[in-house]
Number of protein chains: 4
Amino acid sequence: MAGSTYGTIFRITTWGESHGRALGVVIDGCPAGLTLSEADIQVYLDRRKPGQSLLSTPRKEDDAVEILSGVFEGRTTGTPISLMVRNTSQRSADYSEIASYYRPGHADYTFNAKYGFRDYRGGGRSSGRETIGRVAAGAIAAKLLKEMGITVTAYTRSIGPIEADISKFDREAILSTPTAMPDKQASSLAEAYLQETMSQLDSSGGVMECLIEGLPAGIGDPVFEKLDANLGKAILSIGAVKAVEIGDGVKVSTAKGSENNDSFRMDGKRIIKNTNHAGGILGGISDGSPILIRAHVKPTPSIFRPQNTVNTNGEEISVQIKGRHDPVILPRAVVVMESMAAITILDALMINMSAKAENLISFYKS
Amino acid sequence: MAGSTYGTIFRITTWGESHGRALGVVIDGCPAGLTLSEADIQVYLDRRKPGQSLLSTPRKEDDAVEILSGVFEGRTTGTPISLMVRNTSQRSADYSEIASYYRPGHADYTFNAKYGFRDYRGGGRSSGRETIGRVAAGAIAAKLLKEMGITVTAYTRSIGPIEADISKFDREAILSTPTAMPDKQASSLAEAYLQETMSQLDSSGGVMECLIEGLPAGIGDPVFEKLDANLGKAILSIGAVKAVEIGDGVKVSTAKGSENNDSFRMDGKRIIKNTNHAGGILGGISDGSPILIRAHVKPTPSIFRPQNTVNTNGEEISVQIKGRHDPVILPRAVVVMESMAAITILDALMINMSAKAENLISFYKS
Amino acid sequence: MAGSTYGTIFRITTWGESHGRALGVVIDGCPAGLTLSEADIQVYLDRRKPGQSLLSTPRKEDDAVEILSGVFEGRTTGTPISLMVRNTSQRSADYSEIASYYRPGHADYTFNAKYGFRDYRGGGRSSGRETIGRVAAGAIAAKLLKEMGITVTAYTRSIGPIEADISKFDREAILSTPTAMPDKQASSLAEAYLQETMSQLDSSGGVMECLIEGLPAGIGDPVFEKLDANLGKAILSIGAVKAVEIGDGVKVSTAKGSENNDSFRMDGKRIIKNTNHAGGILGGISDGSPILIRAHVKPTPSIFRPQNTVNTNGEEISVQIKGRHDPVILPRAVVVMESMAAITILDALMINMSAKAENLISFYKS
Amino acid sequence: MAGSTYGTIFRITTWGESHGRALGVVIDGCPAGLTLSEADIQVYLDRRKPGQSLLSTPRKEDDAVEILSGVFEGRTTGTPISLMVRNTSQRSADYSEIASYYRPGHADYTFNAKYGFRDYRGGGRSSGRETIGRVAAGAIAAKLLKEMGITVTAYTRSIGPIEADISKFDREAILSTPTAMPDKQASSLAEAYLQETMSQLDSSGGVMECLIEGLPAGIGDPVFEKLDANLGKAILSIGAVKAVEIGDGVKVSTAKGSENNDSFRMDGKRIIKNTNHAGGILGGISDGSPILIRAHVKPTPSIFRPQNTVNTNGEEISVQIKGRHDPVILPRAVVVMESMAAITILDALMINMSAKAENLISFYKS
């Protein structure tokens, strides 16, 4: 189980490595009858595409997606949707040097320990390009959710010390700024901070958040398949994420019960909460409030300063990584977070349809 | 999929609710030939038992475990191990009142939204007693890991503002203090803090950590089944956990690459890291360093102050919760964290045995 | 993965061995709100109980089921339903001899090969008593199916050379004859045949069939999760079953296309087939006709004639099995077949609810 | 869960339909370090390729496989192996007519019932071309098994009334005859029979068998994951298979215990059976003898005689199917059976590595 499959009913299987012929995903269990075109998917892929600004690697990839199966006359058929993106600009020669040593902060050493050798070209399967399949699948999940009135929105909350002002949340800015921040002013400051960081041959970490709105109460399962546990796994499975918070997250550990409990009240005939410290999930099940997840992303490990490491002969050496690398992972990771959240939520909704006996019976009884 | 099964090869299924007849777990896929007795399991269960100090509810449960299957002549047979703990001190009468309203911070409302009604006695399946099955299974996983030289140690890192001093790590204190802190002095301060919190009819959150030592490099899978993603899910599936960190966790978002990267060096013939910001995992695969996970636990939602909420008739009311409840969840949750980590690590080790073709072939070739 | 879990959404986990303390099952994912009592389950268990006639072992077991969790105020809560049957009449002494050798036709040798040793008391986990959990779970699945208008009926088709006349199908006879045949006359002949077989210190094989009526068209999935593939696995997982047929089964291999194809016609507004060679499944998906499955069951391996075998010291010996054993497995296996079919069909129905996008969307769109 | 994923550790996901752009498979969990080239896979695909003789449709497809990921410098890397075959000769125009009605014996009607509409071009996902992915994955599984000394051999046992003489088993003939029979004389007779059948505008069913040799005792699990249950599901998931037998199969139902039990004896230090009525599996676990599975395959449903059916407007009509279709499914299905068996056996071997605690411990203990 190399672990490239995710989901129970809506189930995706990704494949491909940085410098192989192609990368892709098979989406199995997508409901039949959804209108779907390559354009629906491309708009998501374009959000993670490199070379969009000075902040991302100028490696030019078109990342054009091809639908190979599962769509007929513009609609999904219920059978596996196979999506592929050809690798076009890989130049393996660039990577021949890193074959001989283990880059700090990368998975070179652990891949070798596990498999006995590794595809050293650009990180192989541990490359950020692995997320192409996730995003292509996420575009489909998000489209289905939208038809149910559920939206998933991820954005950059902070880069290093520069934080977006959420009180002036600007949805449009997420797509238009190079940082994917919902705050143009903070974005400009963050750009300046990153320019300085790059000039120091260094990189920066940051925080991204994801907001799920419109989800009804009652989704998710108690015990091991809690909605927050599954969202947490989904987000922690994105490379470079080192912490995940739900709602108030780390703040709860210094809070008192009287501060942290959200009291209920009526909003017409609907039960709502006065506050949302819980982040929309109680006991692993959605409570009808917006769900908020936060992820802490480590700085890009590829930096241009000399670093100490070990080569494959077991010798200690100093290395200086070449090429061009993003000074921060976040702007392109935001759409990956959004995709993983959308896939997780959709799967939970599909599983949940038979939670009540009366629903199951009335669905089938003619 | 109510989601009460966890694991792929070493697979546990828990069952039971707070005030039902019994609670338990079925462990399927436990390797054959491990010596196992009820005493091995009881010692773990006793660590989560209520009534051990002033800090925990005086509800007296023996929580005596019975092995119902899967062990023959003192050894596991390879077939399902069924473990049961009878509920002895439940008095459902105590809970009749909460049937009519939704307690803030609890899963009462979300269970109703999902299932149409709920077992309102003591939280039913969303009660902390659900973890009895996890801990019983964890005791077995931990025993097997110990035979491979792998130890899993969880402890309370902080309660409210009081933090244990890790530089004076005292392993014995984890088991002997009422807070499960590895620091007797901090534990005394935390006890005082909790007494004061209780006198204010309030409760406190806190932080627990888990250290996994002795795990070889190469365990875990890239992509969706990353070891940190699976540990994260395991820990987030424990009720009241609202954030999970691996290694430096939330600190990485304000760090620079030059600070966060761990450089490699040789330790004799072994490759090690000079630092462990990564918390023992790179690219989802263990790197041979100790693994460190941190969980932020919310304050006990059952507090004795009046709280606003809504009843099942949709009326806004003020309620005051009765009975006795722990002022902090941590001391008894620590062994649950340890158990979930042990189960996750053992499963990953079992899955990993065939990662290299040469190992698979030599195992079977006669 | 010892493999004691079955199903995706409606998921059962069985445990227990012939001479352990108890046997049972955990049913996870049962929809909430189904009325359920121990009596609903006991009626199924009584059909597989030993000692009901001369044809079955006089070992007296009450096999009284206890509901340990998952039912509150007479209804399922959506959380795991744990069911247990205590072993009451096991006398391990009877089995001490078989500890030293491998019984022909039994799993003694293969358990030893796999696990290094075995629970030799009465076959341990490979005993027919393992099916108690399956039948207890099947009773619940069948109850839910009945509410949707779907019935599952298994019966003995033949014992040795004696075959029931299906043209005079007598549903009542299935429950009232000691053979579980739907034909009292054939049942009497079969009883006489079995008496003769027993007098020769021998045992007999037979055929059982299962009919699933009322299932709508469109259930099951193409490719690996074909409804017939899943039913086939479910039935082949019952000990002693050595062949499974769907519809015309083995006859199709000598048929011509013109004979085997079922033509379609209209029945009012409903599409039906003129014949049912296919047994109700086309391309892995139900077609609205009754589903017919047939299983060939080997003769009871425990016979009282001397047999050659090998002992655990690797010596060739002749053995004579003692005790009392059923001369034919079928009468008590029929309810196991019915249970496995019911569980498989119910799970397929639950999975199928989101096959069409429009159904998913209208379910959640408020 | 459209059900296009198969296997637990060695896990394949197939995709593609008859007349889409391409078909393929993702193999996840293949051990690292296996030498693998496109030629290894092509030789298997060529065995299921159409147009190889008068007995198979002259539709010319090259079915050339492309490795898109997971292989680096000629060896598997442990990450997903993505394989693709482009569809080259599809002419959708041929199929426009069948869009309007339901072909008898095909899945047209059931796909519509499930999904609301269907890809009507050549059967879409229910086409025999779906098996391309299975065979491509099977080639890899078989290669790994061969390195362990385990071989999997499938062949045609009979076509209509013509049966191969197994006593003169000719392995070479399986690959060289157009029928895939291990008996050249029977193959000639079968060819004549098929010519006659075709001249009658009809088709024929048949039987295929699969022999698994070299598998050690102890593989497979008791209860639901019995090796025969999994093999049975794997084979029943191949379109057109309507019955599966293990060992003596349907014969056991008329046998007596004294005839059907296989007695054990010593072969040097090895325990073997004197006969193999059980077909190599006892209690769901391999016993070290060859495993024998038999599948009954229905006649090709596409025949050229007029047939009654119903169109999508609910009108009864008579239709005559056009194009060219194989008169028998078997010769090209044999390699699909071999592939599914190989994948199932390999997965069982990988799962089994941790069945004994001592093996797990010694694997990791340094």
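The model is predicted, so local features need pLDDT of at least 70 and side-chain atom pairs pLDDT 80 or more, whereas totals for chains, interfaces and linings use all residues. Residues are numbered from 1 along each chain as written, chains are lettered from A in the order written, and side-chain values use heavy atoms, without hydrogens and water.

In the interface of chain A with chain B, 101 residues of chain A contact 101 residues of chain B (contact means heavy atoms within 4.5 Å). About 8,300 Å² is buried between these chains, 62% of it from carbon and sulfur atoms; buried area is the accessible area (1.4 Å probe) that two parts lose on being put together, summed over both.

A:Asp119 lies in the loop between helix 2 (108-115) and helix 3 (131-147) of chain A. Helices are DSSP runs (H or I) of at least four residues, numbered from the N terminus. A:Asp119 counts as buried because its relative accessibility is 8%, and buried means under 20% (1.4 Å probe, protein chains only). Beyond its neighbours within four places in sequence, A:Asp119 contacts A:Glu17, A:Gly124, D:Phe72 and D:Thr77.

In chain C, two helices pack together, with axes fitted to C-alpha atoms over the stretch in contact and angles running from 0 to 180 degrees between N-to-C directions.

| Feature of helix 6 and helix 8, chain C | Value |
|---|---|
| Angle between axes | about 145° |
| Distance between axes | 9 Å |

Among the residues that meet here are C:Leu231 of helix 6 and C:Met337 of helix 8.

Terms used. Buried < 20%, exposed > 50% of the residue type's maximum accessible area, 1.4 Å probe, protein only.
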